[in-house]
Amino acid sequence: MEKYDVIIVGAGSMGMAAGYYLAKKGVHTLLIDAYDPPHNQGSHHGDTRIIRHAYGEGREYVPLALRAQALWYELEQKSGEVLFEKTGVLGFGPVGSSFIGEAIASSNEYDLELELLTGEEIKTRWPGITVPEDYVGCYEPASGVLYSEKCISAYRQLAVEEGVSLLINTPVTNIEIKESEAIISTKEQAYTAAKLIICAGAWNGKLLADLNLPLQPTRQTVAWFEGNENLYNDQVFPAFFVDTPEGKYYGFPSFEGSGVKLGRFDDNQPIDPDDERLAFGSMEEDEGEVRRFLETYMPQSAGKLNQGKVCMFTRTPDEHFIIDHYPGHTHVIMAAGFSGHGFKFSSVVGEILCQIAVEGKTDHDISLFSLNRAALQSTVGS
């Protein structure tokens with residue numbers, strides 16, 4: 001049985017980053033993934049992800065977002081790849097939106113650069129946007145867009161160069177946690193390690209079934225629409241998030257003529273990750289819902305559908321992450337439930353998982369992500 005210092009189950013966003021940071025420290029590490037990352041079976045495909053620093057999901061995330069941004073810049077330098085575009089990020093919604101309000105509060109607490117805008121100012125600055133008079137906005141010029149699949153490819157290449165072992169297209173069939181080691185089995189063979197990190201995305205709930213974690217994988221769709229390139233190209237138009245009475249939406253400017261990309265954040269379609277996923281367009285609302293948003297708020301971007309894609313979120317009840325030890329086993333670490341807003345943090349989560357595996361603790365405040373928090377206690381371990 002091959003032995004490692006650390007085995008990571010799941011080599012997607014978080015796992016690949018953790019593998020790189022561990023290998024960089026000289027830790028004998030094995031990464032195992034059921035697919036060949038980057039791939040289209042998880043939560044990282046679809047080309048792009050937004051990174052925001054002023055954070056509507058809670059100001060506790062701001063230090064992590066800033067550290068994540070620094071690590072993305074570092075990864076760019078080491079890989080020689082363009083991984084981040086500073087498009088700026090615009091948020092807008094009705095006066096009184098709690099999401100917009102928390103983004104503003106987080107910028108005030110951490111002294112972030114954030115411009116506050118009236119609805120009229122939004123329309124004047126970006127003529128491609130139409131908003132009601134009672135809407136307000138906030139614009140963060142230092143934020144922007146990550147090329148998600150390129151980020152994972154960069155971490156993969158550097159991790160392998162640093163000596164990590166990578167086992168792809170190899171589903172894990174069993175995890176046996178012993179007092180001072182863990183045994184990971186695949187169809188072909190078994191591996192053992194002193195430390196284990198489990199970060200298998202939508203499959204975490206199944207791999208950790210004995211804990212009864214409240215993790216719900218959901219089917220999520222995004223679509224690209226042809227629009228007026230003069231209004232919506234990435235040189236003049238920002239990434240955006242919008243809190244409307246109809247729902248929460250997020251989107252991207254048109255990169256190299258690809259069209260405006262849009263998705264709905266709070267569209268919950270529960271799925272089993274092992275079931276065949278319905279392709280984009282299988283449901284009328286796949287296109288209809290986001291098209292209606294564009295027709296209302298960005299009408300000159302609501303042209304021909306260029307393409308649509310499907311990915312997964314894995315949500316917790318409070319939409320905060322889980323980063324903690326497996327109960328009773330400090331040599332086993334879990335990272336799960338990133339709830340559709342985790343990718344931007346995957347660089348720093350990789351650093352956190354590395355620190356916990358090597359040192360038993362992390363420099364970062366991750367108390368918000370504890371398995372013992374109230375929102376999880378009604379189900380965990382029951």
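Two residues are in contact here when heavy atoms of one lie within 4.5 Å of heavy atoms of the other. The model on display is predicted.

**First stop: T218**

Select T218, which belongs to strand β13, residues 216–225. T218 has a relative accessibility of 1%; because buried means under 20%, T218 counts as buried. Next, show the side chain of Q220 together with that of T218: a polar contact of 2.7 Å joins the two.

**Second stop: the loop between β2 and β3**

Move to the loop that runs between β2 (29–32) and β3 (48–51), where P38 is found. Select P37 along with P38 and inspect the peptide bond between them: the bond is cis, with omega at about -5 degrees. Most peptide bonds, by contrast, are trans.

In the loop between β2 and β3, now select D47. D47 is not a glycine, yet its phi is positive, near 80 degrees. The relative accessible area of D47 is 34%, so this residue is partly exposed.

Go on to N169, in the loop between β9 (165–167) and β10 (172–177). Most residues other than glycine have a negative phi.

**Last stop: helices α1 and α9**

Finally, select helix α1 (residues 13–24) and helix α9 (residues 346–359). Two packed helices are described by the angle between their axes and the distance between the axes. The axes of α1 and α9 come within 7 Å and cross at roughly 55 degrees. The two helices are therefore oblique to each other, and their crossing is right-handed.

Which residues of α1 meet α9? On the α1 side, show S13, M14, A17, A18, Y21 and L22. On the α9 side, show S346, S347, V349, G350, E351, L353, C354, A357 and V358. Colouring this contact by residue class gives 10 nonpolar, 4 polar and 1 charged residues.

Key. Residues numbered from 1 in each chain as written. Predicted model: local features only at pLDDT ≥ 70, side-chain atom pairs only at ≥ 80, totals over all residues. Heavy atoms only, no water. Helix = DSSP H or I, 4+ residues; strand = E, 2+ residues; numbered from the N terminus. Buried < 20%, exposed > 50% of the residue type's maximum accessible area, 1.4 Å probe, protein only. Polar contact = N/O pair within 3.5 Å; in protein donor to acceptor, adjacent residues only side chain to side chain. Axes fitted to C-alpha atoms, helices over the stretch in contact; angles between N-to-C directions. Parallel < 35°, antiparallel > 145°, perpendicular 65-115°, else oblique. Left-handed = near helix turned anticlockwise from the far one by under 90°. Nonpolar A, V, L, I, M, F, W, Y, C, P; charged D, E, K, R; others polar.
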